[in-house]
Structure formats: C-alpha cells, structure tokens
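This briefing concerns the structure shown below. The points that follow are grouped by topic.

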Amino acid sequence: MSKRIDVSDLNVYYGDFRAVEDVNITLDAKSVTAFIGPSGCGKSTFLRTLNRMHEVIPGARVEGKVLLDGDNLYADGVDPVTVRSQIGMVFQRPNPFPTMSIRDNVLAGVKLNSRRMPRSDADDLVEKSLRGANLWNEVKDRLEKPGSGLSGGQQQRLCIARAIAVSPDVILMDEPCSALDPISTLAIEDLINELKDEYTVVIVTHNMQQAARVSDKTAFFNIAGTGKPGKLIEFAETATIFNNPAEKSTEDYVSGRFG
Amino acid sequence: MFSGAALGAGALIVAVLFAVALFLVVQALPTFSANPAEITGGEGFFSYIFPIVIGTLIAATIALLIATPIGVAVALFISHYAPRRLARGLGYVVDLLAAIPSVVYGAWGASFLASSLKAPYAWLAEHLGWIPIFAGPASGTGKTILTAGIVLAVMVLPIIASLTREIFLQAPMLHQEAALALGATRWEMIRMAVLPFARGGIISAVMLGLGRALGETMAVALVLSSGPLIASLIRSGNQTIAAEIALDFPEAFGLRMHELIAAGLVLFLITLAVNMVARWVINRHKEFSGAN
C-alpha cells in the first residue's frame with residue numbers, strides 16, 4: 001500500500017518559537033521525495049510532523065493539516081500510535097533494539113499489533129522483510145544473533161526491514177546514510193529505488209548528490225537567519241531543482257554558493 | 001599514576017573483605033568444635049542456626065516481593081510518566097526516604113504499623129487461615145514476621161526506586177524513538193526499549209535492597225516479637241540473624257559470643273551467594289546487552 005500526503009498551512013512550534021512556517025506540499029504516492037537545505041532549516045522537524053514523532057520532544061506542537069489520502073493526521077481523536085504504525089520512520093543513526101535478535105528486531109513492530117502469529121507466518125514475514133531490505137542473504141544464517149552485532153550499514157537495513165515489516169503506507173527517512181560509509185550508502189540508495197514501487201518514501205538528506213540520485217521530486221528548505229523560522233522555498237521535479245531552479249537561493253544552495 | 005591508584009583501591013577492597021571473612025571464620029571456629037549440647041538449644045549449631053536463617057530469608061523475601069514491583073513502578077512513573085516538575089519533586093522525596101535511619105522506621109513499625117495491622121491479620125486468620133502462612137490465631141500485638149517484612153519493604157523501596165530511576169533515565173532515546181516510530185504505545189515502548197536495557201540495573205538495585213533487608217537489625221528488633229520458627233506469618237515467632245545478633249551480643253560472652261559470630265558468618269555467606277547468583281543472571285544475557 002502506498003498513500004499520498006497533502007500538507008496545508010503547517011506551522012511547527014517549540015514552545016513560543018516558530019521553527020517551521022507555512023508549509024504547503026504534496027508528496028505523491030509511490031515516489032521518492034527528498035528534503036534538502038542547510039542545518040537548522042527545519043526539514044527534519046517537518047519530517048517528524050508527518051508521523052507525529054515531534055510530539056516526543058517536550059513543548060513541540062503543530063498547527064495546520066497533514067492529510068494521508070484525505071484523512072487528517074491531526075484531527076481530533078486520531079491516536080498518534082495509529083499514525084506511526086501507518087507511517088514508518090528510519091533514523092539518522094541505526095537503532096536496532098540491542099536486546100533483541102535480528103529476527104525479533106524485524107518482528108518488533110508486528111508483535112505490537114497482532115499478538116499471536118503462527119511461527120511459519122512469522123518466518124515468512126521475516127524473510128520477506130529482510131529480502132525487501134536487501135539483507136536476507138547476509139543474515140539468513142544468524143537470525144538468532146543480536147542485531148547490534150551487524151555493521152552500521154547492515155543495522156540500518158535491518159531498521160528498514162523492521163519498518164517495512166508492519167507494511168506502512170509511507171516510509172520517512174531522516175538522513176539515513178549520514179552515519180554510513182559510501183558502500184553502505186550505495187546499498188541503501190539502491191534499496192530506496194526499490195522501495196518506491198510499493199511505498200511513498202520521504203528522505204531528508206544533506207548530500208545533494210544523494211537527493212539527485214534517489215528522488216523524483218525535491219523540496220528545498222531554508223532559513224532567513226538564526227531565530228527565524230524555516231520555510232519551504234521551492235518544490236519541484238528533482239531535475240528542475242538541480243538544473244533550472246526558479247529561486248535564486250535554491251540555485252545558490254545546490255551549486256554550493258551560499259548567501 | 002592513575003592505574004596505580006585504581007589498582008591500590010581495588011586491592012584494598014579485596015584485602016578488607018578478606019580480613020572480615022578471616023575474622024569471622026577464626027572467631028566462629030570454637031562453635032563448630034564445641035560440644036553440641038552446649039550450643040543454644042542443646043542440639044548443635046545447625047539446629048540453632050537453621051530456624052533463624054529461614055526467618056531471615058522469609059523477612060527479606062517478603063520485603064523484596066513488596067518493594068520490587070512498587071519500587072520499579074515508582075521509578076518508571078518518575079522517569080517516563082510524571083510531568084517534569086512533579087518528577088523532580090518526587091525524585092527528591094524518594095532520595096530523602098532512602099536517608100531516613102532504620103531506627104525511625106523501626107519505631108514507626110512498632111508503634112503505628114503493628115497496631116494498625118492487627119485487624120487485617122485477624123481477618124486473614126479467619127478467612128484464609130487454611131493456608132499455612134496465614135494460620136491463626138493472629139498475633140494480638142501485630143508484631144509478626146509479616147509486619148517486619150513490610151517495614152523492611154518500606155525501607156528498601158526508596159533504594160530500589162532511586163537506583164532504577166537513574167537507570168531508566170539513561171535508557172537510550174534512540175531506541176525509545178525506534179519503538180515509538182513502530183507504533184508502540186508508551187507502555188509498549190517501555191517494555192521494548194527501557195526495561196530490557198535496565199534489566200541488569202534493576203537486578204543490581206534489588207540486590208542492594210536485599211543487602212539492606214538481610215542485614216537490617218534495628219527495625220526488625222523493634223518490630224518483631226521473636227520466637228521459634230513457625231510457618232504462619234501473622235503470629236508472633238521467627239527471628240532473623242541480624243536481629244538475633246543485635247539483641248544478644250551485648251550480653252554474650254564465651255561460647256555464646258562465638259556462636260553469634262558464626263551466625264554472622266552464615267549471614268555473610270548468604271549475602272555472598274545471593275550476589276553471585278545475581279551476577280550470573282546479569283551475565284547470562286551479556287551478548288544481548290547492547291554493550292558490543
């Protein structure tokens with residue numbers, strides 16, 4: 001399953017401080033959207049509002065609407081727990097549960113939703129998810145070993161397997177390769193290309209080549225200065241953003257000229 | 001320089017521990033070579049020590065059974081549920097509770113808790129008396145091993161709560177966010193990312209609490225009207241090693257003194273054994289501790 005996200009007039013606050021101002025954007029189903037921009041421009045904060053993970057941070061709140069195929073995630077009575085089981089997330093640093101085996105890591109999210117699952121179904125799901133994350137061949141002989149024993153790149157793919165095991169509609173990735181070496185990064189990028197056949201993928205990245213390689217559309221965020229809110233400057237096809245942007249600040253950023 | 005200081009400190013601890021053990025063994029030896037008829041009770045050291053070992057274990061078990069779940073729950077409430085301001089206040093209160101001297105707990109147990117437990121004990125004896133541990137007639141003063149266990153629980157509770165709270169606060173945010181992002185509720189997140197991380201720490205905290213419960217003298221001496229070993233927890237009777245030593249040592253001389261030191265040696269061995277078991281339990285899951 002894959003769903004579209006429509007964001008309208010979204011503002012994010014930390015206490016009284018407005019971190020992100022008036023974002024309007026549509027993220028297409030079965031596509032990869034990249035968020036780029038300088039540090040502190042609010043792109044990670046904005047990403048977190050798409051599955052209400054910003055609520056973990058004390059004082060963070062949101063005004064505006066986020067529609068997942070028309071259903072507002074911020075409507076009254078919507079449980080953030082339900083939102084997060086539909087919209088999965090992969091973090092900057094690989095974070096498999098250290099106390100669980102590889103197998104249990106993959107099943108961690110599924111066990112939350114359906115308590116009892118026949119062993120054969122669970123085995124099938126583990127294999128399917130690990131294959132989906134291009135990790136099966138590397139770990140099939142050590143499924144009962146701890147996930148923390150894998151390399152960083154493998155751990156990150158394990159986290160992706162864990163996220164797709166619950167069959168979400170959308171997968172959010174917050175700089176998923178920033179802690180990885182180039183070869184592991186390439187493995188993740190290949191994986192992102194495959195994931196978009198089934199999922200809506202949103203990725204925050206500091207690496208502009210990566211955004212150019214993996215995404216269909218790119219959104220550029222920027223801030224006017226410290227203490228000012230982050231804004232969505234430009235959102236277009238990735239080729240347009242990198243080759244022929246409409247805004248001067250976008251062109252300066254993607255070509256490496258600042259200010 | 002630093003490694004020398006660390007080595008010295010480590011060696012000092014081992015040396016002190018060894019000296020204590022040596023003292024206990026040497027001073028206890030006359031008891032084992034003495035004529036069994038001369039030992040208190042007249043049937044040898046084993047029949048003297050056995051009932052009070054069991055009494056000690058009963059009191060400590062009651063204390064931990066009550067204090068562990070409550071202590072962990074209090075710690076979780078402070079670390080993950082309470083609003084930040086309330087959490088800080090509660091944290092101070094718990095730390096303060098841990099600093100109250102045991103004689104105060106003993107006085108409270110003897111003068112207030114024991115008398116207010118008389119009615120519940122009578123009820124237990126009447127309705128659940130068929131269970132051996134609640135066999136009547138209930139104590140008229142309320143000064144029973146169960147009361148002692150409850151007082152010990154109250155004493156141990158702040159230790160467990162404040163140590164486990166520190167561990168819960170250190171649970172990595174990374175893994176807590178991972179759990180939440182999978183659609184876990186707060187309680188599910190705690191079970192996935194906090195409790196497994198804190199497992200070793202909880203066991204250590206319980207062991208420290210157990211150490212206090214096993215070795216507590218004053219509170220038990222004040223609260224328990226001691227007697228021979230009996231199964232019922234709500235009649236007067238039973239005794240713990242620590243309270244026995246505290247009550248009898250001032251007037252003991254000769255063989256009786258050696259006897260009490262031997263009792264101390266037994267208590268020392270129990271504590272040692274319990275700690276080794278705990279260490280073993282913690283190490284058994286080392287591979288999954290996240291330390292690698």
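In this predicted model, B:Ala59 touches B:Ile145, B:Ala148, B:Gly149, B:Leu152, B:Ala213, B:Val220 and B:Thr240, leaving aside residues up to four places away in sequence. B:Ala59 is also one of the residues that touch the most other members of the largest nonpolar core, together with B:Ala63, B:Leu152, B:Val156 and B:Ile160.

- The largest nonpolar core comprises 154 residues. Helix H6 (residues 145-170) of chain B makes the greatest contribution to this core, giving 17 residues.
- Chain B contains 11 helices and 0 strands, and its pattern along the sequence reads α-α-α-α-α-α-α-α-α-α-α.
- Of the 292 residues in chain B, 41% are classed as buried.
- When contacts in chain B between residues at least 6 apart in sequence are considered, 79% of them link residues at least 24 apart.
- Along the principal axes, the C-alpha atoms of chain B occupy a box of roughly 70 × 60 × 30 Å.

**Strand E3 of chain A**

- Strand E3 (residues 32-36) of chain A is mostly covered, with 5 of its 5 residues buried.
- In a regular strand, side chains alternate between the two faces of the sheet.
- On E3(A), A:Val32, A:Ala34 and A:Ile36 point one way, while A:Thr33 and A:Phe35 point the other way; all are buried.
- E3(A) is joined by 4 bridges to strand E8 (residues 200-204) of chain A, and the two run parallel. Within E8(A), A:Val204 is the bridge partner of A:Phe35.
- E3(A) also pairs in the parallel sense with strand E9 (residues 217-223) of chain A, over 4 bridges. In E9(A), A:Ala219 stands opposite A:Phe35.

**Helix H6 of chain A**

- Helix H6 (residues 152-165) of chain A has 14 residues and reaches 20 Å from its first C-alpha to its last, close to the 20 Å expected at 1.5 Å a residue.
- Because 13 of the 14 residues of H6(A) are buried, this helix is largely enclosed by the rest of the structure.

- A:Ser167 lies in the loop between H6 and strand E7 (170-174) of chain A.
- A:Ser167 has 17 other C-beta atoms within 10 Å, so it is partly exposed.
- A:Lys30 is not a glycine, yet has a positive phi of about 50°. The loop between strand E2 (17-27) and E3 of chain A holds A:Lys30.
- A:Lys30 counts as partly exposed because it has 15 C-beta neighbours inside 10 Å.

**Contact between the chains**

- Chain A brings 22 residues to the contact and chain B brings 20 residues.
- On the side of chain A that touches chain B, helix H2 (80-86), strand E6 (87-90) and helix H3 (102-113) of chain A each supply at least two residues.
- The residues on that side of chain A divide into 11 nonpolar, 8 polar and 3 charged.

**Confidence**

- The model has an ipTM of 0.88 and a pTM of 0.83.
- The average pLDDT of chain B is 88, and 97% of the residues score at least 70.

Note on methods: Residues are numbered from 1 along each chain as its sequence is written. Chains are lettered from A and ligands numbered from 1 in the order in which they are written. This is a predicted model: local features need pLDDT of at least 70, side-chain atom pairs count only at pLDDT 80 or more; totals for chains, interfaces and linings use all residues. Two residues are in contact if their C-beta atoms, placed from the backbone, lie within 7 Å. Ala, Val, Leu, Ile, Met, Phe, Trp, Tyr, Cys and Pro count as nonpolar, Asp, Glu, Lys and Arg as charged, and the others, Gly among them, as polar. pLDDT is the predictor's confidence in each residue, from 0 to 100. A residue is buried if 20 or more other C-beta atoms lie within 10 Å of its own, exposed if 12 or fewer, and partly exposed in between; C-beta atoms are placed from the backbone. A nonpolar core is a set of buried Ala, Val, Leu, Ile, Met, Phe, Trp, Tyr and Cys residues joined through C-beta atoms within 7 Å. The expected span of a helix is 1.5 Å times one less than its number of residues. Two strands pair if DSSP finds at least two bridges between them.
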